[in-house]
Amino acid sequence: MYRAQRNGTLLALNMMTGQPAFRVATGGDLHNKTLKTNGMIIIQAEGKLLGVKLPASLK
């Protein structure tokens with residue numbers, strides 16, 4: 001599960017363990033939906049489009 005936080009951070013939670021898997025600091029407010037494709041997530045933040053490779057444990 002992915003959760004956007006008000007400070008511009010995207011948090012990925014492992015639903016099997018309930019533990020955070022990773023965090024991405026975007027440096028701005030998150031906009032629109034986060035997309036997952038081919039082992040990457042695409043994040044649209046304030047004036048930016050970020051691509052982040054997912055850890056192997058989340059693929």
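The stops below are given in the order in which to select them.

Before selecting anything, note that this is a predicted model, in which local features need pLDDT of at least 70 and side-chain atom pairs count only at pLDDT 80 or more, while totals for chains, interfaces and linings use all residues. Residues are numbered from 1 along each chain as its sequence is written, and side-chain values use heavy atoms, with hydrogens and water left out.

**Whole chain.** Select the protein chain and colour by secondary structure: there are 0 helices and 6 strands, giving the pattern β-β-β-β-β-β along the sequence. Helices (H or I, at least four residues) and strands (E, at least two) are DSSP runs, numbered from the N terminus. The C-alpha trace spans about 30 × 25 × 15 Å along its principal axes.

Of the 59 residues, 31% count as buried, meaning under 20% relative accessible area (1.4 Å probe, protein chains only).

Next select S1 (2-4), S2 (9-13) and S3 (20-25). These 3 strands form an open sheet in the order S1-S2-S3, with antiparallel pairing. S1 and S3 stand at the edges with a single partner strand each, so one side of each has no neighbour in the sheet. The twist averages 20° from one strand to the next, using axes that are lines fitted to C-alpha atoms and angles that run from 0 to 180 degrees between N-to-C directions.

Zoom in on S2 and S3, which pair over 5 bridges; two strands pair if DSSP finds at least two bridges between them. Here leucine 13 stands opposite proline 20 in S3.

**Threonine 26.** Move on to the loop between S3 and S4 (30-37), where threonine 26 lies. Is threonine 26 buried or exposed? Threonine 26 is buried, with a relative accessible area of 3%.

Show its side chain: it reaches the backbone oxygen of glycine 28 at 2.8 Å. Finally, display the residues that threonine 26 touches: Gly8, Ile43, Ala45, Lys48 and Leu50, not counting residues up to four places away in sequence. Contact here means heavy atoms within 4.5 Å.

How values were computed:
Buried < 20%, exposed > 50% of the residue type's maximum accessible area, 1.4 Å probe, protein only. Polar contact = N/O pair within 3.5 Å; in protein donor to acceptor, adjacent residues only side chain to side chain.
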